[in-house]
Amino acid sequence: MAFLNLLRDERLVAVLRGDDPAKVRRAAETLIDSGIGIIELTLTVPGAFEIVRDLSDAPASVGIGTITAPEHVDQAVSAGAAFLVSPGISQPLLEAMRESGMPALPGVQTPSEVMQARTAGFDLLKLFHAGQVGAGYISAVRGPFPELEFVPSGGISDANAAEWLDAGAVAVGLGSLARPHEIAAEDWSGIREHARAALRAAGRSDA
């Protein structure tokens, strides 16, 4: 419940990918300094678990994404991740995420996947890849599942984040706040501007 409330307050989850761990860490710090309170480091980042450890004292909730196997859950817990995110679901992964006791966002798209995740005990889900279905899908999928909350991710930017939030998403995942090429180029000012634009789109009074 505490993580759900955080999502409701923050409304944005910055999703970070990149090839250089030091630069990805700097991007995370830049976003946090810009007012982004939830950071998802994907396992495609080399040394993602070490970055999470390094950011353990940061004034933000830093979790691990692109979790695809039960062993990733154990590693994320050991690293001190604040939450877990997967792009899809399998029964072993759902069981590992549930048994960890950590806030988790299993990735779903179809009603059958939603039902599988709900049966496993999850009522907060990642909708992925959101850009393939459009913001109207939030209203459609919440019709038969009004008790569930969704965080769409994939294909969302500051330009359309408000559309997803208005459609009923509790928060949105944004990979566009710090794109890999911007991280590689160390474009920290550009990343700060992305963060400010996204905060404005989310209606955050601190933007």
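Reader: What volume does the largest cavity have?

Author: In general, rolling a probe the size of a water molecule over the atoms shows where empty space is left. In this predicted model, the largest cavity has a volume of about 50 Å³. The structure holds one cavity of 30 Å³ or more.

Reader: Which residues line the largest cavity?

Author: The lining is made by Val 13, Val 15, Glu 40, Phe 83, Val 85, Leu 105, Lys 126, Val 151, Ser 153 and Gly 173.

Reader: What is the volume of the largest pocket, and which residues are the closest to its centre?

Author: The largest pocket has a volume of about 330 Å³. It is lined by 15 residues, of which Met 1, Pro 103, Ala 104, Asp 123 and Leu 124 are the closest to its centre. The lining divides into 10 nonpolar residues, one polar and four charged.

Reader: Which helices each supply at least two residues of that lining?

Author: They are helix H1 (2-10) and helix H5 (91-100). H1 gives the most to the lining of the largest pocket, namely three residues.

Reader: How are two packed helices described?

Author: Two packed helices are described by the angle between their axes and by the distance between the axes. Here, helix H2 (residues 21-33) packs with helix H10 (residues 188-201) at an angle of about 40 degrees, and their axes are 9 Å apart. That angle makes H2 oblique to H10. The crossing in which H2 passes H10 is right-handed.

Reader: Which residues meet where H2 and H10 are in contact?

Author: From H2 come Lys 23, Arg 26, Ala 27, Thr 30 and Leu 31, which meet Trp 188, Ile 191, Arg 192 and Ala 195 of H10. The residues of this contact comprise five nonpolar, one polar and three charged.

Reader: Let us turn to the backbone. Is the peptide bond from Phe 128 to His 129 cis or trans?

Author: The bond from Phe 128 to His 129 is cis, and its omega is near -5 degrees. His 129 is placed in the loop between strand E7 (124-127) and helix H7 (136-142).

Reader: Is the phi of Arg 11 positive or negative, and where does Arg 11 lie?

Author: Although Arg 11 is not a glycine, its phi is positive, at about 70 degrees. Arg 11 is found in the loop between H1 and strand E1 (12-16).

Terms used: Residues are numbered from 1 along each chain as its sequence is written. This is a predicted model: local features need pLDDT of at least 70, side-chain atom pairs count only at pLDDT 80 or more; totals for chains, interfaces and linings use all residues. Side-chain values use heavy atoms; hydrogens and water are left out. Axes are lines fitted to C-alpha atoms, for helices over the stretch in contact, and angles run from 0 to 180 degrees between N-to-C directions. Helices (H or I, at least four residues) and strands (E, at least two) are DSSP runs, numbered from the N terminus. Angles under 35 degrees count as roughly parallel, over 145 as roughly antiparallel, 65 to 115 as roughly perpendicular and the rest as oblique. A crossing is left-handed if the near helix is turned anticlockwise from the far one by less than a right angle, and right-handed if clockwise. Contact means heavy atoms within 4.5 Å. Ala, Val, Leu, Ile, Met, Phe, Trp, Tyr, Cys and Pro count as nonpolar, Asp, Glu, Lys and Arg as charged, and the others, Gly among them, as polar. On a 1 Å grid over the protein atoms alone, a cavity is a set of points where a 1.4 Å probe fits but cannot get out, and a pocket is an open set with protein on both sides within 12 Å along at least five of seven lines; lining residues have an atom within 4 Å of a point. Grid points are joined across faces, edges and corners, and a volume is the space filled by probe spheres set on the points.
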